[in-house]
Amino acid sequence: MAELREWATIYLKGVAMGSADAVPGVSGGTIALIVGIYERLIAAVTAVDPGRARRVLGGVRPGGRADARDAFREIDGAFLLVLGAGIGTAVVTVLSAVNRLLATQPVATYGFFFGLIAASAAVLLGDVDLSTPRRKAAAVAGFALAFLASGVAGTALGNPLPVVFLAGGLAVSAMVLPGISGSLLLVVLGQYEYMSGIVGQFVDAAGALALGNGADALVETLPPVATFLLGGVVGLFTIAHAVRYALARARAATLAFLVSLVVGALRAPLVEVSARLAESGESWRAAAPRFALAALVGAVLVAVLNRYSATIEY
């Protein structure tokens with residue numbers, strides 16, 4: 001019974017992480033710090049390597065099952081699976097809800113995102129040191145990359161499966177970095193609204209299939225969902241390692257680059273709202289009050305989370 005409660009607790013912590021990472025500006029890594037599993041998560045992720053992966057897969061052979069169990073324990077596989085199930089549950093649920101909000105209340109929703117991103121940037125800027133030319137250059141590069149990509153990546157890149165794969169890799173790898181939101185990177189790449197829509201369609205199709213209404217819609221949405229998840233798995237065990245290596249070798253410059261990405265990405269919600277207002281014929285003057293109110297709510301949420309999180313240590 002005690003073990004079952006432990007796994008249920010880990011699952012719920014995964015739900016909290018996934019809920020955070022499904023909205024731009026809030027980091028699942030920060031939630032991992034708050035709920036006390038960040039160090040265990042990093043240890044498990046960094047324990048995964050090609051050798052252990054091959055040993056785990058070798059369990060399909062009867063003679064390799066004992067070694068596969070050992071390798072699975074070495075990477076804390078049960079923890080990763082249960083936590084991943086919680087994260088996946090929350091991401092699907094939250095993205096489905098966000099998809100509906102973007103359709104009905106786009107100005108307030110993007111205003112909320114703007115507040116989340118702005119407050120996250122303000123919190124993170126306190127950890128940035130720009131005392132050397134190298135760090136200043138990294139900060140400029142991060143800001144420029146996010147600023148230029150925000151608002152134009154969606155039309156420039158489109159939504160082909162290779163882009164969806166890359167988006168999944170970048171978004172999920174950000175989950176191990178406190179303060180950096182995976183969904184924020186999706187916004188910068190112009191994939192957030194697309195993926196929230198696809199996930200919403202996937203959930204609706206799965207529900208329809210359960211009621212016996214056919215599988216056509218599910219088959220149509222499965223490729224992008226599966227591609228995104230595959231990219232996430234690859235990104236978690238490759239990009240995340242690369243980012244942590246960069247932080248270990250040049251922490252200040254890498255942190256300056258990452259935080260500047262957040263600052264530059266503030267352009268994205270503004271661009272999205274401007275596009276929606278142009279479609280509806282509404283002016284910014286009329287939309288500004290609800291945008292600002294929603295932004296304030298988002299900023300307060302980040303402030304509360306930051307108050308209860310530990311000092312960020314990479």
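Helices (H or I, at least four residues) and strands (E, at least two) are DSSP runs, numbered from the N terminus. One such run is helix H7 (residues 106-125), which holds threonine 109. This is a predicted model, in which local features need pLDDT of at least 70 and side-chain atom pairs count only at pLDDT 80 or more, while totals for chains, interfaces and linings use all residues. Residues are numbered from 1 along each chain as its sequence is written, and side-chain values use heavy atoms, with hydrogens and water left out.

**Annotated spans**

- The unreviewed UniProt entry lists several spans as "transmembrane region", including residues 78-101 and 252-271; its positions are in the numbering used here, feature names are shortened, and annotations may be inferred rather than shown by experiment.
- Residues 78-101 are 100% helix and 0% strand, with end C-alpha atoms 35 Å apart.
- Residues 252-271 are 90% helix and 0% strand, and their end C-alpha atoms lie 30 Å apart.

- Threonine 109 is buried, at 7% relative accessible area (buried means under 20%, exposed over 50%, partly exposed in between, with a 1.4 Å probe and protein chains only).
- The side chain of threonine 109 reaches the backbone oxygen of glutamine 105 at 2.7 Å.
- Not counting residues up to four places away in sequence, threonine 109 touches Leu101 and Leu102, where contact means heavy atoms within 4.5 Å.
- Leucine 270, in helix H16 (residues 267-280), is partly exposed at 33%.
- Leaving aside neighbours within four places in sequence, leucine 270 is in contact with Phe114, Trp284 and Phe291.
- Leucine 270 and serine 150 are 120 residues apart in sequence, yet 9.5 Å apart in space, C-alpha to C-alpha.

**Salt bridges**

- The whole structure has 10 salt bridges, each a side-chain nitrogen of Lys or Arg within 4 Å of a carboxyl oxygen of Asp or Glu.
- One of them joins arginine 40 to aspartate 76, with the closest N and O atoms 2.7 Å apart.
- Arginine 40 is in helix H3 (residues 38-47) and aspartate 76 in the loop between helix H5 (65-74) and helix H6 (77-104), so this pair ties together parts 36 residues apart in sequence.
- Arginine 52 bridges to glutamate 74 at 2.8 Å between the closest N and O atoms.
- Because arginine 52 lies in helix H4 (residues 50-57) and glutamate 74 in helix H5, the pair ties together parts 22 residues apart in sequence.
- Arginine 55 also forms a salt bridge with glutamate 74, the closest N and O atoms being 3.0 Å apart.
- Asp49, Arg52, Arg55, Asp67 and Glu74 are linked in a network of salt bridges.

Terms used. Polar contact = N/O pair within 3.5 Å; in protein donor to acceptor, adjacent residues only side chain to side chain.
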